[in-house]
Amino acid sequence: MVGLEWYLGVSAILFVIGVLGVLISKNAIVVFMCVELMLSAVNITLVAFSSFMGDVHGMILVFFVLCVAAAEACVGLAIVIAIFRNNITADISKINLLRW
Amino acid sequence: MELTTLLFYFFSLLTIGSAIFMVFSKNIVHAAFALMFTLLGVAALYVLLFADFIAATQILVYVGGILILILFGVMLTTKGFTDNLKTLTTNLRPVSVVMTLVAAGMIYVLLTTTWPVAEIAEPEGTITGLGTLLLKEYILPFQVTGVLLLVAIIGALLMATKVKHQQ
């Protein structure tokens with residue numbers, strides 16, 4: 001079995017890719033997918049620590065993160081679709097009504 | 001080299017490679033399918049970590065649920081023209097530099113820290129422990145999560161249904 005550092009490294013790289021996608025993407029749906037990527041990266045960390053310490057509590061946390069991710073995805077996509085219906089765009093650089 | 005080590009390298013390369021493809025893909029449908037491969041790779045990593053229940057939940061919730069939801073979102077926000085499926089990127093170069101630095105910093109920290117690792121035998125399965133913990137110690141968060149999901153369903157329905165505008 002590979003060491004804990006390898007799993008943490010994969011998780012760190014995935015998280016950074018997710019942040020990168022959120023920062024460079026102009027499409028709201030792609031931003032969503034990148035947020036899911038970041039949640040998955042954190043889940044890998046939790047499962048790795050939980051497995052390497054022989055403690056199930058970390059996996060409970062992953063379970064709750066999964067539930068919150070599902071809720072976030074369904075509400076978020078509803079928001080994107082509502083914005084698209086009123087504003088006819090999914091481009092987040094054009095949704096700037098609240099910009100000062 | 002052990003088989004599990006080889007599998008770990010394969011699945012982590014699959015995960016990271018399709019994540020990079022997802023971020024830099026010009027076509028949003030391709031990005032969604034790359035996300036599917038990423039999530040499947042993450043589920044395989046969970047299996048390699050002996051987290052059987054979490055891996056199954058990952059496949060059911062992410063690949064079976066959230067990804068389909070995202071594909072529906074793609075279909076509903078593109079008006080049916082393939083030209084609009086293109087995604088644009090902004091600030092690519094500075095963000096890439098900063099994120100590479102952040103990744104290097106994180107990997108440096110995790111390599112120089114000594115993590116407390118318990119030498120454990122291969123567990124037989126996590127479902128029993130998880131179920132007992134969920135219904136004993138974590139019963140309140142469990143119920144609150146149920147309420148959260150209910151509220152999310154109601155909120156999504158309210159926002160996605162058509163609002164009658166007063167003329």
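How many residues of chain B are in contact with chain A, and with how many residues of chain A? I looked this up first, keeping in mind that the model is predicted. I found 79 residues of chain B touching 66 residues of chain A. In chain B, the residues that lose the most area to chain A are Phe8(B), Leu49(B) and Thr77(B), and together they make up 10% of what that side buries.

Next I took the area of the interface. The two chains, B and A, bury about 6500 Å² between them. Carbon and sulfur atoms carry 83% of that buried area.

Then I checked the polar side of the interface. I noted 0 salt bridges between chain B and chain A. The rule for polar contacts gives 2 residue pairs across this interface, both at pLDDT 80 or more. I also listed the elements of chain B that give two or more residues to the side touching chain A: H1, H2, H3 (52–76), H4 (92–112), H5 (127–136) and H6 (139–160).

Fold of chain B. I counted 6 helices and 0 strands. Along the sequence the pattern reads α-α-α-α-α-α. Of the 167 residues in chain B, 32% are buried. Among contacts in chain B with a separation of 6 or more, 58% are between residues 24 or more positions apart.

Helix H1 of chain B. At 1.5 Å a residue the span should be 32 Å, and the end C-alpha atoms are 32 Å apart, so the two agree. Which residues of H1(B) are buried? I wrote down Thr5(B), Phe8(B), Ser12(B), Thr15(B), Ile16(B), Ser18(B), Ala19(B), Met22(B) and Val23(B). As a reminder to myself, an α-helix has 3.6 residues a turn, so residues three or four places apart point the same way. The cover over the buried residues of H1(B) includes helix H1 (4–24) and helix H2 (28–52) of chain A, along with helix H2 (28–48) of chain B.

Thr38(B). I placed this residue in helix H2 of chain B. Why does Thr38(B) count as buried? Its relative accessible area is 0%, and the cut-off for buried is under 20%. Leaving out residues up to four places away in sequence, Thr38(B) touches Leu14(A) and Leu37(A) from chain A, and Thr15(B), Ser18(B) and Ala19(B) from chain B. The side chain of Thr38(B) also reaches the backbone oxygen of Ala34(B), at 2.9 Å.

Val16(A). I found this residue in helix H1 of chain A. Val16(A) is buried, at 8% relative accessible area. Which residues does Val16(A) contact beyond its neighbours within four places in sequence? I noted Met99(B), Val102(B), Ala103(B) and Met106(B). I also took one distance along the chain: Val16(A) and Lys26(A) are 10 residues apart in sequence and 18 Å apart in space, C-alpha to C-alpha.

Phe50(B). I looked at this residue last. Phe50(B) sits in the loop between H2 and H3 of chain B. Its phi is near 65°, a positive value in a residue other than glycine.

Definitions and conventions: Residues are numbered from 1 along each chain as its sequence is written. Chains are lettered from A and ligands numbered from 1 in the order in which they are written. This is a predicted model: local features need pLDDT of at least 70, side-chain atom pairs count only at pLDDT 80 or more; totals for chains, interfaces and linings use all residues. Side-chain values use heavy atoms; hydrogens and water are left out. Helices (H or I, at least four residues) and strands (E, at least two) are DSSP runs, numbered from the N terminus. The expected span of a helix is 1.5 Å times one less than its number of residues. Buried means under 20% relative accessible area, exposed over 50%, partly exposed in between (1.4 Å probe, protein chains only). Contact means heavy atoms within 4.5 Å. Buried area is the accessible area (1.4 Å probe) that two parts lose on being put together, summed over both. A salt bridge is a side-chain nitrogen of Lys or Arg within 4 Å of a carboxyl oxygen of Asp or Glu. A polar contact is a pair of N or O atoms within 3.5 Å; within protein, one must be able to donate a hydrogen and the other to accept it, and residues adjacent in sequence count only if both atoms are side-chain atoms.
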